[in-house]
Amino acid sequence: MDEDIFLTPGDILVHYDINEIGLLLNRFDVLKDDNWPLWAWDILWVGRDAQDHGRYQAFTEEGLMGLIISGVFVHYKST
């Protein structure tokens with residue numbers, strides 16, 4: 001995980017290519033395993049083209065970090 005990126009509930013992700021805005025809701029362990037946690041985030045997407053069935057999505061934390069670092073998503077802190 002990148003040391004400069006700290007995700008917290010309430011942070012905003014923007015995907016400018018498709019004009020979507022995501023709100024980080026909560027972090028959870030997909031595997032529910034104390035020895036091998038796999039962290040993910042529930043995201044609520046809003047925007048003109050957001051469909052009801054796709055408004056809530058989960059992304060792994062590692063995947064989100066990669067998308068932020070590569071510039072696909074722009075991360076805005078909530079505070």
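**Salt bridges in the predicted model.** Two salt bridges are found in a search of the whole structure, a salt bridge being a side-chain nitrogen of Lys or Arg within 4 Å of a carboxyl oxygen of Asp or Glu. The model is predicted, so local features need pLDDT of at least 70 and side-chain atom pairs count only at pLDDT 80 or more, while totals for chains, interfaces and linings use all residues. Residues are numbered from 1 along each chain as its sequence is written, and side-chain values use heavy atoms, with hydrogens and water left out.

**Close-up of Lys 77 and Asp 11.** The closest N and O atoms of the salt bridge between Lys 77 and Asp 11 are 3.2 Å apart. Lys 77 follows strand S5 (74-76) and Asp 11 precedes strand S1 (12-15), so the pair ties together parts that are 66 residues apart in sequence. Helices (H or I, at least four residues) and strands (E, at least two) are DSSP runs, numbered from the N terminus. Asp 11 is buried, with a relative accessible area of 0%, whereas Lys 77 is partly exposed at 39%. Buried means under 20% relative accessible area, exposed over 50%, and partly exposed in between (1.4 Å probe, protein chains only).

**Close-up of Glu 61 and Arg 27.** A salt bridge joins the side chains of Glu 61 and Arg 27, with an N to O distance of 3.0 Å. Glu 61 belongs to helix H1 (residues 61-69) and Arg 27 to strand S2 (residues 20-29), so this pair ties together parts that are 34 residues apart in sequence. Glu 61 counts as buried at 8% relative accessibility; Arg 27, with a relative accessible area of 37%, is partly exposed.

The chain has one helix and five strands, and from the N terminus on its elements run β-β-β-β-α-β. The five strands form an open sheet in the order S4-S3-S2-S1-S5, with antiparallel pairing. Strand S4 (56-60) and S5 stand at the edges with a single partner strand each, so one side of each is left without a neighbour in the sheet. From one strand to the next, the twist averages 35 degrees. Two strands pair if DSSP finds at least two bridges between them.

Ile 12 stands opposite Leu 23 in S2. S1 and S2 run antiparallel and are joined by four bridges; Gly 22 in S2 is the bridge partner of Leu 13. H1 packs on the sheet, where H1 touches S1, S2, strand S3 (39-46), S4 and S5, and its direction makes about 90 degrees with that of S4. Axes are lines fitted to C-alpha atoms, for helices over the stretch in contact, and angles run from 0 to 180 degrees between N-to-C directions.

**The largest nonpolar core.** This core has 11 residues in all: Ile 5, Leu 7, Leu 13, Leu 24, Trp 41, Ile 43, Trp 45, Leu 64, Met 65, Ile 68 and Phe 73. The elements that give two or more residues to the core are S3 and H1. A nonpolar core is a set of buried Ala, Val, Leu, Ile, Met, Phe, Trp, Tyr and Cys residues joined through side-chain atoms within 4.5 Å. Beyond its neighbours within four places in sequence, Leu 13 is in contact with residues including Leu 24, Ile 43, Trp 45, Leu 64, Ile 68 and Phe 73, contact meaning heavy atoms within 4.5 Å.

**Surroundings of Phe 59.** Phe 59 is found in strand S4 and counts as partly exposed at 21% relative accessibility. Its C-alpha atom is separated by 6.8 Å from that of Asp 42, 17 residues away along the chain. Leaving aside neighbours within four places in sequence, the contacts of Phe 59 are Ala 40, Trp 41, Ile 43, Trp 45, Leu 64, Leu 67 and Phe 73.

**The chain as a whole.** Of the 79 residues of the chain, 28% count as buried. Among contacts between residues at least 6 apart in sequence, 42% join residues at least 24 apart.
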